[in-house]
Amino acid sequence: MVPPLQASALRVGGSLIALLLLAAWFRQHFAKPLFWFGADTIVALFGASNTVFLLSTLLLTWRVTTQNHGSRGVSLHAQRLNFVAAWLRAFFSCSGGIFASYWLSWADAILNVIACGGLLVVLEPRLAPRVLPKAVPAVPENFPTGKMTFAIILAACAGVYLQQSDDSGYRWLVLTIAIYIQAAAMLPQRAMLLRTKRLPAITSHAFFLLALAGVLRLAMWFVLLCEGEFHLFIMLGDFSHVAFLADFVALYMRALADKGLGGLLDGADMALHAEEAV
């Protein structure tokens, strides 16, 4: 039997390699634009991804504010990073380019910032008791989030510079940092899941929506590949985000197969067994 941590690494690494190989195949077979998709498709997929992420955030907020121990399994460090990423995505969407000309970009940018900020408030130990006395704030964590964030920003700057494309302006640098910070938010979240024996059903649905948001973002990148646009370093951030969720999705699908959709929707907790390598 494969040890849990090794199985987890194989699942995450395998997912990342598979996505990179798929991107390489698309790059080779669609070197010339197909002219099938326009800007509307790109904006719609980006907006759909952000909308699903918004739903995930709202679901977590509802759980935290209405249920006993609603913050169980939710990483405060991860939500801090998601809040920063939401601000950076909002700046990218609203500061110019094709995205700024669509109302959907403005709507999901503003709503995501508000939703992420609201969730962060009810999780922060210093703020939650003042805003919602009955709320149970997130448990303490010792993940090195600050050092990781600093390293991510340096890597994003270096990656955009080395990519040497026409898109290496400040807006694309902001988007790159946002994508990598959102992907990195999964690391403290994975560490929190390792400490959690059972995950509330609502929380598990919220994390599954997070994975769905990542898949929609992947669809956007593959549409761009079909149109001859290749942004490897930026894409790698979203590939990593989805790969980090591979363990959880595997557990979610297993619970779905065991209990059925009705069982999960009825509120049955999802077991996070150590041997299943979350």
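This is a predicted model: local features need pLDDT of at least 70, side-chain atom pairs count only at pLDDT 80 or more; totals for chains, interfaces and linings use all residues.

Trainee: Okay. Using that, what does Trp221 touch, leaving out residues up to four places away in sequence?

Mentor: Its partners are Ile179, His231, Ile234, Met235 and Asp238. Trp221 also belongs to the largest nonpolar core, which has 25 residues. Together with Phe222 and Phe239, Trp221 touches the most other members of that core.

Trainee: Which elements give two or more residues to this core?

Mentor: Helix 1 (4–29), helix 2 (39–66), helix 7 (170–184), helix 9 (201–226) and helix 10 (232–244). Helix 9 gives the most, with 8 residues.

Trainee: And what's in the second, separate core?

Mentor: That one has 15 residues, including Val64, Leu76, Phe207 and Tyr252.

Trainee: Zooming out, how many helices and strands are there in the chain?

Mentor: 11 helices and 2 strands. From the N terminus on, the order is α-α-α-α-α-α-α-α-β-α-α-α-β.

Trainee: How much of the chain is buried?

Mentor: Buried residues are 48% of the 278 residues. As for contacts between residues at least 6 apart in sequence, 82% of them join residues at least 24 apart.

Trainee: Back to helix 2. How do helix 2 and helix 4 cross?

Mentor: In general, two packed helices are described by the angle between their axes and the distance between the axes. Here, the axes of helix 2 and helix 4 (residues 103–123) come within 9 Å and cross at roughly 25°. Angles under 35 degrees count as roughly parallel, so helix 2 and helix 4 are roughly parallel to each other.

Trainee: Is that crossing left-handed or right-handed?

Mentor: The crossing of helix 2 and helix 4 is left-handed. The residues of their contact divide into 14 nonpolar, 8 polar and 1 charged.

Trainee: I also spotted Arg63, which lies in helix 2. Buried or exposed?

Mentor: Arg63 counts as buried, because its relative accessibility is 10% and the cut-off for buried is under 20%.

Trainee: So what does Arg63 touch?

Mentor: Again skipping residues up to four places away in sequence, Arg63 touches Asn68, His69, Gly70, Arg72, Pro200, Ile202 and Thr203.

Trainee: Great, I'll go and find those in the viewer.

Key: Residues are numbered from 1 along each chain as its sequence is written. Side-chain values use heavy atoms; hydrogens and water are left out. A nonpolar core is a set of buried Ala, Val, Leu, Ile, Met, Phe, Trp, Tyr and Cys residues joined through side-chain atoms within 4.5 Å. Buried means under 20% relative accessible area, exposed over 50%, partly exposed in between (1.4 Å probe, protein chains only). Helices (H or I, at least four residues) and strands (E, at least two) are DSSP runs, numbered from the N terminus. Contact means heavy atoms within 4.5 Å. Axes are lines fitted to C-alpha atoms, for helices over the stretch in contact, and angles run from 0 to 180 degrees between N-to-C directions. Angles under 35 degrees count as roughly parallel, over 145 as roughly antiparallel, 65 to 115 as roughly perpendicular and the rest as oblique. A crossing is left-handed if the near helix is turned anticlockwise from the far one by less than a right angle, and right-handed if clockwise. Ala, Val, Leu, Ile, Met, Phe, Trp, Tyr, Cys and Pro count as nonpolar, Asp, Glu, Lys and Arg as charged, and the others, Gly among them, as polar.
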